Amino acid sequence: MTAQTQQLKKKTWSRFLYSDETVGHVFAFPFIFGFICFSLIPIVMSFYYAFTNYSLGSKQATFVGAENFTRLLSDEIFWKSLTKTLQYVLFSVPLKLTFALLVAFVLTRSSKMVTLYRSLYYLPSLVGGSVAVALVWKQLFARKGLFNSILVDAGLSRINWFGDEALAIYPLILMSVWQFGSSMIIFAAGLKEIPESYYEAAEIDGANGVKRFFYITLPCLSPIILYNLIMQTISAFMTFTQAFIITGGGPNNSTMLYALYVYNQAFKYNNMGYACAMSWVMLIVMSLITLIIFKTSKMWVFSESES
């Protein structure tokens, strides 16, 4: 090998090492490696286990076909958990987004303390899903908790929040609404992108604050609303900590959210194959609901390019 050939190879290797594509691949490798090991492989394995009677600790999984999926049809707790999860999503997501939008609208007004207020309102979203906060929330709705103390001081009787099947789900919904900070920040960013000229033109035409909100703010913010709606809907379907810590699914499975039931089947009853089948059913349900939201968004999402 001549010296000229060696020098050419060194230049080629140097160009490869310091090229933009190589640097990009190097920086992307940790994410790609993590996605393959901790997301893609578990997804493929769960799909396989959904057709087996696999349990943790067993050396081999026996293929049973669609038995796990047909078993779901006769599982009363499965249907109840699905119903309660849908109820949780239908109540918590609209309330959270409404509250987040109203707070964001107020906090986008000019004020010296607006940064502090945003930080305080965003804080619950950072700690709201923790076990410690769930325990605090459980004490707030206890028989001698803060909310019952307020009712007693107002001359009303105490409410057994977690002992009543009809009421037990609502403290969990309120806790979800309390964690509105992330949606609020996104709404606040969207509100700042609406041109002031729109409001000035509407004010000249005599539109009051309510009309400006419904005819300018909401249409211009509709793409942000769509994004928050989809993200919060998916997050609500995956709710686990609140039900696990506060109620444990009781009373009488009235707060048995879907993620909690999957957890119980997998780690409490050691039915990993059945739990995997439930997970794929929930994935299908979430995908259908997301698809419906996307399809119906054409009727209410405003786009300047289409206007």
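Colleague: Is Thr217 buried or exposed?

Modeller: This is a predicted model, and in it Thr217 sits in helix H11, which runs over residues 209-237. Its relative accessibility is 0%. Buried means under 20%, so Thr217 counts as buried.

Colleague: Which residues is Thr217 in contact with, leaving aside its neighbours within four places in sequence?

Modeller: Contact here means heavy atoms within 4.5 Å. With those neighbours set aside, the partners of Thr217 are Phe105, Leu191, Ile194, Tyr199 and Arg212.

Colleague: Thanks! Now to Asn68: which backbone oxygen does its side chain reach?

Modeller: Asn68 belongs to helix H3, residues 67-73, and counts as buried at 5% relative accessibility. Beyond four places in sequence, its contacts include Tyr49, Phe51, Gly273 and Tyr274. At 2.9 Å, its side chain reaches the backbone oxygen of Ala50.

Colleague: Is Val44 buried or exposed?

Modeller: Val44 lies in helix H2, residues 20-49. Together with residues including Phe31, Leu40 and Met45, Val44 makes a nonpolar surface patch of about 730 Å². Its relative accessible area is 52%, and the cut-off for exposed is over 50%, so Val44 is exposed.

Colleague: And which residue caps the N-terminal end of H4?

Modeller: Happy to show you that one. Helix H4 covers residues 76-107, 32 residues in total, and reaches 46 Å from its first C-alpha to its last, close to the 46 Å expected. A side-chain oxygen lies 3.1 Å from the backbone nitrogen of Ile77, and the capping residue that carries this oxygen is Asp75.

Terms used
Residues are numbered from 1 along each chain as its sequence is written. This is a predicted model: local features need pLDDT of at least 70, side-chain atom pairs count only at pLDDT 80 or more; totals for chains, interfaces and linings use all residues. Side-chain values use heavy atoms; hydrogens and water are left out. Helices (H or I, at least four residues) and strands (E, at least two) are DSSP runs, numbered from the N terminus. The expected span of a helix is 1.5 Å times one less than its number of residues. A polar contact is a pair of N or O atoms within 3.5 Å; within protein, one must be able to donate a hydrogen and the other to accept it, and residues adjacent in sequence count only if both atoms are side-chain atoms. Patches are made of residues with over 30% relative accessible area and no salt bridge: like charges are joined within 9 Å, nonpolar side chains (Val, Leu, Ile, Met, Phe, Trp, Tyr) within 5 Å. Accessible areas come from the Shrake-Rupley method with a 1.4 Å probe; for residues, only the protein chains shown count as cover. A salt bridge is a side-chain nitrogen of Lys or Arg within 4 Å of a carboxyl oxygen of Asp or Glu. Buried means under 20% relative accessible area, exposed over 50%, partly exposed in between (1.4 Å probe, protein chains only).
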